[in-house]
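Please keep the structure in view while reading.

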Amino acid sequence: MSNRQQPRLFRDKKCHVINRLSSVGDISYRQRPLDFLFLLARYKFAARLVKGNDRVLDAGCGDGIGSVFLGKFAKQVTGVDYDEELIENNKKEYKDIPNIDFKKLNLLNVSSHKATYDAVVSMDV
């Protein structure tokens, strides 16, 4: 597979665009364009602070789109959320992205989570 054909952010294995940017969580571009763009801008800001070898924790990852975005700039991203259904959906949705994983975690009790990270990102939690 040439570089041009390799899957990229928001593309499937055949490089077709995945319609993931029409909404993020409950923020729809069509209904709330300013809120939608602010959310993406915050993740872009966070991504600028992440180095290529960093391990990042996305605390309160929700539907995982921010974890996917950060995964393009970091070595490893772990998205955590308390909602087990969201975590399971994210694992299925993004299973083909090797440097991203999702775990259920109660942020009020992180003593059970023993991993270390170079950066922690938490948006709209």
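## Charges over rings

A charge sits over a ring if NZ of Lys or CZ of Arg is within 6 Å of the ring centre and within 35 degrees of the ring normal. Lys104 lies over the face of Tyr82, at 4.7 Å from the ring centre, and Arg55 is placed over the face of Tyr117, at 5.3 Å from the ring centre.

This is a predicted model, in which local features need pLDDT of at least 70 and side-chain atom pairs count only at pLDDT 80 or more, while totals for chains, interfaces and linings use all residues. Residues are numbered from 1 along each chain as its sequence is written, and side-chain values use heavy atoms, with hydrogens and water left out.

## Aromatic pairs

Rings of Phe, Tyr and Trp (its six-membered ring) pair if their centres lie within 6.5 Å, and planes under 30 degrees apart count as stacked, over 60 as edge-to-face and the rest as tilted. By this rule there are two aromatic pairs. The ring centres of Phe69 and Phe73 are 5.6 Å apart and their planes stand at 45°, so this pair is tilted. Tyr94 and Phe102 also form a tilted pair, with 5.9 Å centre to centre and 35° between the planes.

Buried means under 20% relative accessible area, exposed over 50%, and partly exposed in between (1.4 Å probe, protein chains only). Phe69 is buried because its relative accessible area is 16%, whereas Phe73, with 38%, is partly exposed. Both Tyr94 and Phe102 are buried.
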